[in-house]
Amino acid sequence: MTEAWGTLKSFAGKTFETLDPEFTDRVSQLIGGQDLTACFQCAKCSAGCPVSDKVNVQIHEVMRMLVLGLPEVLDTDMIWLCTTCYTCQERCPQGIDITDILFGLKNMAFQRNKAPQGYVSSRQQLYDTGKLYQPTDWEREDLGLEEVPHLELDETKKMFEKTGLLKLEEDD
């Protein structure tokens with residue numbers, strides 16, 4: 001799995017080897033076959049994005065990469081740093097389901113082992129303990145908090161098994 005939040009840091013000097021129209025079709029199918037070419041790069045999505053100053057590739061650039069069929073879009077940090085606030089989707093004058101596309105791209109990236117290490121370890125931590133963070137006894141004691149109640153893990157593990165969350169690697 002990728003260690004950082006996306007390996008594509010800049011378009012400067014980047015040469016894209018493949019334009020893959022089938023990739024565009026696969027992404028389009030994630031949102032019910034919506035026409036991605038409807039995006040005319042107005043950038044209203046990027047202008048309203050709360051993480052636009054934190055990412056290397058803006059959301060309107062992600063949309064352009066999709067239209068051009070560039071699988072390198074899965075290497076961008078935008079798909080992992082998106083807050084899923086739906087602002088981009090609400091601002092899109094073409095009605096493109098941008099946030100839903102990002103959910104799909106995140107799944108595609110994960111299936112290709114292109115996920116930040118934190119996601120992988122968080123998934124395992126959640127499966128093993130039912131929690132994303134395990135405070136120490138002394139941390140809780142310092143804060144004057146009672147012991148954490150016992151958490152039944154069977155239901156959490158059933159959810160993981162039912163959704164296949166631990167089997168999201170490619171070809172699963």
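## Helix α3 and its cover

Helix α3 gives way to Gly69, a residue with a positive phi, near 70°. The model described here is predicted.

Helix α3 spans residues 59–67. Which of its residues are buried? They are Ile59, His60, Val62, Met63, Met65 and Leu66.

## Thr99 in helix α6

Helix α6 also holds Thr99. Is Thr99 buried or exposed? Its relative accessible area is 1%. Buried means under 20%, so Thr99 counts as buried.

What does Thr99 touch, leaving aside residues up to four places away in sequence? Its contacts are Thr84, Tyr86, Cys88 and Gln89.

## The largest pocket

The largest pocket holds about 310 Å³ of space. Its lining is made up of 12 residues. Nearest the centre of the pocket lie Trp80, Lys106, Phe110, Tyr119 and Leu165. Which elements give two or more residues to this lining? They are α6 (98–111) and α7 (117–129).

By class, the lining divides into 8 nonpolar, 2 polar and 2 charged residues.

How values were computed:
Residues are numbered from 1 along each chain as its sequence is written. This is a predicted model: local features need pLDDT of at least 70, side-chain atom pairs count only at pLDDT 80 or more; totals for chains, interfaces and linings use all residues. Side-chain values use heavy atoms; hydrogens and water are left out. On a 1 Å grid over the protein atoms alone, a cavity is a set of points where a 1.4 Å probe fits but cannot get out, and a pocket is an open set with protein on both sides within 12 Å along at least five of seven lines; lining residues have an atom within 4 Å of a point. Grid points are joined across faces, edges and corners, and a volume is the space filled by probe spheres set on the points. Helices (H or I, at least four residues) and strands (E, at least two) are DSSP runs, numbered from the N terminus. Ala, Val, Leu, Ile, Met, Phe, Trp, Tyr, Cys and Pro count as nonpolar, Asp, Glu, Lys and Arg as charged, and the others, Gly among them, as polar. Buried means under 20% relative accessible area, exposed over 50%, partly exposed in between (1.4 Å probe, protein chains only). Contact means heavy atoms within 4.5 Å.
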